[in-house]
Amino acid sequence: DKMELRHATPSDLIRIFEWANDEEARRNSINNKQILLEDHIIWYKKKLSDLNSVLYIFWAENIPLGSIRFDIDQDEAVLSYSIDKYYRRRGLGFLILKKGISALLNEKTKVKVIKGYVHKSNQASNNAFLKIGFKLNLNQAIKFENFNSYSLEIKEI
């Protein structure tokens, strides 16, 4: 209930780097190789300045819990999220998805479809996506081996 989100800032660069390079995060990522700091710095600066990318940091009681990023192409957004290793397996994935999607839709009203890719072995994230209302794309040929493809269509209100 007390979890808040804010836009990422330059001061979050190392925190995001550490979350991204965490062993479990790398194992569940499409690209599972360790990230070099110099590559991360270039990537991070691009993401912060890109109007089609939104990166939120989640906090509770002054403790950073995780992040969610949306990369937008026209009316479609692809999401990626991460939870600090000390706060996993507490149901935060569902909350980060819910609050992150809500914030995105308030900020970027043109988004009509949100997609995500989850490693098949990552049961917690697969469950969180389904709980939010994402549909598993069983018939879609997916370019990422060992990943499930999900989509969430945003209905007009």
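Two strands pair if DSSP finds at least two bridges between them. Keep in mind that this is a predicted model.

**Exercise 1.** Find out how strand 4 is joined to strand 3 and to strand 5.

*Solution.* 
- Step 1: Begin with strand 3 (residues 63-73), which runs antiparallel to strand 4 and is joined to it by eight bridges. Here Asp73 stands opposite Glu76.
- Step 2: Look at the hairpin of strand 3 and strand 4: two residues lie between the strands, and Gln74 has a positive phi near 60°.
- Step 3: Now turn to strand 5, which runs parallel to strand 4, with four bridges between them. In this pair, Ala77 stands opposite Ile114.

**Exercise 2.** Work out where the buried residues of helix 5 lie, and what covers them.

*Solution.* 
- Step 1: List the buried residues of helix 5 (residues 123-132): Ser125, Asn126, Ala128 and Phe129.
- Step 2: Look down the helix axis. These buried residues fall within an arc of 160°, so they line one face of helix 5.
- Step 3: Check the other side, where Ala124 and Lys131 are exposed.
- Step 4: Find the cover, which includes strand 4, helix 4 (92-107), strand 5 and strand 7 (147-153).

**Exercise 3.** Is Leu136 buried, partly exposed or exposed?

*Solution.* 
- Step 1: Locate Leu136 in strand 6 (residues 135-136).
- Step 2: Its relative accessibility is 34%, so Leu136 counts as partly exposed.

Methods
Residues numbered from 1 in each chain as written. Predicted model: local features only at pLDDT ≥ 70, side-chain atom pairs only at ≥ 80, totals over all residues. Heavy atoms only, no water. Buried < 20%, exposed > 50% of the residue type's maximum accessible area, 1.4 Å probe, protein only. Arc of directions from axis to C-beta. Contact = heavy atoms within 4.5 Å.
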